[in-house]
Amino acid sequence: MAQTGERGGAGADITVNRLFCTPVIEVRLPGADTLVEALKAAILERRAASPGVRRSNIHGWHSDIGMLDWGGEAAVTLARETMQVCGRFTSDVNAAQGRSRWEMGMEMWANVSPAGASNQMHAHPGSFWSASFYVDDGGDTEDGFFVAQDPRFPMIRMVAPDLVFTDENGEKQMSQFRVRPEPGKLVVFPSWLMHAVRPHKGPRERISVAMNVLALPAGAPPEG
């Protein structure tokens, strides 16, 4: 058994296989500045008229999941752009004649979080992709991160908690991946991936839109 600290010789032929990718995709949407302003107006109007619901949010306001019905054209545009991103990174390996057996559906809701509010670690059962779009980061330059948790956690930390894997470039493979919220940024990730949102410390409310992209059986192909 090799001792800790031993490395392959300088002439060793080493292949590192990156298995079972977990994609976390960051996108800057075209026309994001205009989209942000329209979404902010629709969300604040809805908050004034609705008490919201309680889900993973700790403090703050969480809308119903019918934002596509009340969010206006900006919500429809965001949904379309998000599903296009998801479609680019999704494939039906048993598609018949190139036609997928699945169609994409969507749930959408809004979150408005004052300073100190957060979202506890959770996943989104029943959907395939999930996404967050940031309307306002609350002015926080230090925290408020979106946090994705290594799905193997805590098993990899049980025996030697301070040891982590490194990749072929020596980069440490940590158990959490963080994304800084920025207005106009879209973050897309598998719905099973455990994730959370850290409390923010900015002077404004943080406003975001969350989405679930559902895999729905496609209708029968047209005849002829």
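Figure 1. Strand β6 (residues 129–136) and strand β11 (residues 185–190) run antiparallel and are joined over 5 bridges. The model is predicted: local features need pLDDT of at least 70 and side-chain atom pairs count only at pLDDT 80 or more, while totals for chains, interfaces and linings use all residues. Residues are numbered from 1 along each chain as its sequence is written, and side-chain values use heavy atoms, with hydrogens and water left out. Helices (H or I, at least four residues) and strands (E, at least two) are DSSP runs numbered from the N terminus, and two strands pair if DSSP finds at least two bridges between them. S132 has V187 of β11 as its bridge partner. The open sheet has 6 strands in the order β1-β11-β6-β13-β4-β3, with antiparallel pairing. Its edge strands, β1 (25–28) and β3 (61–62), each pair on one side only.

**Figure 2. An open sheet of 5 strands.** The order of this sheet is β2-β5-β12-β7-β10, again with antiparallel pairing. The edges are formed by β2 (57–58) and β10 (176–179); each has a single partner strand, so one side of each is left without a neighbour in the sheet. Strands of a sheet pair through backbone hydrogen bonds, either parallel or antiparallel. Strand β5 (residues 118–122) pairs with strand β12 (residues 195–197) in the antiparallel sense over 2 bridges. Within this view, N119 stands opposite V197 in β12.

Figure 3. A32 belongs to helix α1 (residues 32–49). At 4% relative accessibility, A32 is buried; buried means under 20% relative accessible area, exposed over 50% and partly exposed in between, with a 1.4 Å probe and protein chains only. A32 and F133 are separated by 101 residues in sequence, and their C-alpha atoms lie 10.0 Å apart in space. Helix α3 (residues 72–88) has 17 residues, which at 1.5 Å a residue should span 24 Å, in agreement with the 25 Å between its end C-alpha atoms. The expected span is 1.5 Å times one less than the number of residues. The buried residues of α3 include A74, L78, V85 and C86.

**Figure 4. Cysteines C21 and C86.** The count of disulfides (pairs of cysteine sulfur atoms within 2.5 Å) comes to 0. The sulfur of C21 lies 14 Å from the closest cysteine sulfur, in C86, and is therefore too far away for a bond. C21 is exposed, with a relative accessible area of 66%, whereas C86 is buried at 1% relative accessibility.

**Figure 5. The second largest pocket.** This pocket holds about 380 Å³ of space. On a 1 Å grid over the protein atoms alone, a pocket is an open set of points with protein on both sides within 12 Å along at least five of seven lines, a cavity is a set of points where a 1.4 Å probe fits but cannot get out, and lining residues have an atom within 4 Å of a point. Grid points are joined across faces, edges and corners, and a volume is the space filled by probe spheres set on the points. Of the 23 lining residues, S56, W109, H122, H124 and A210 are the closest to the centre of the second largest pocket. At least two lining residues come from each of β4 (102–113), β5, β6, β12 and β13 (206–217).

**Figure 6. The largest cavity.** The structure holds 1 cavity of 30 Å³ or more, and the largest cavity has a volume of about 30 Å³. Its lining consists of D137, D140, D143, G144, P181, H200 and R206.
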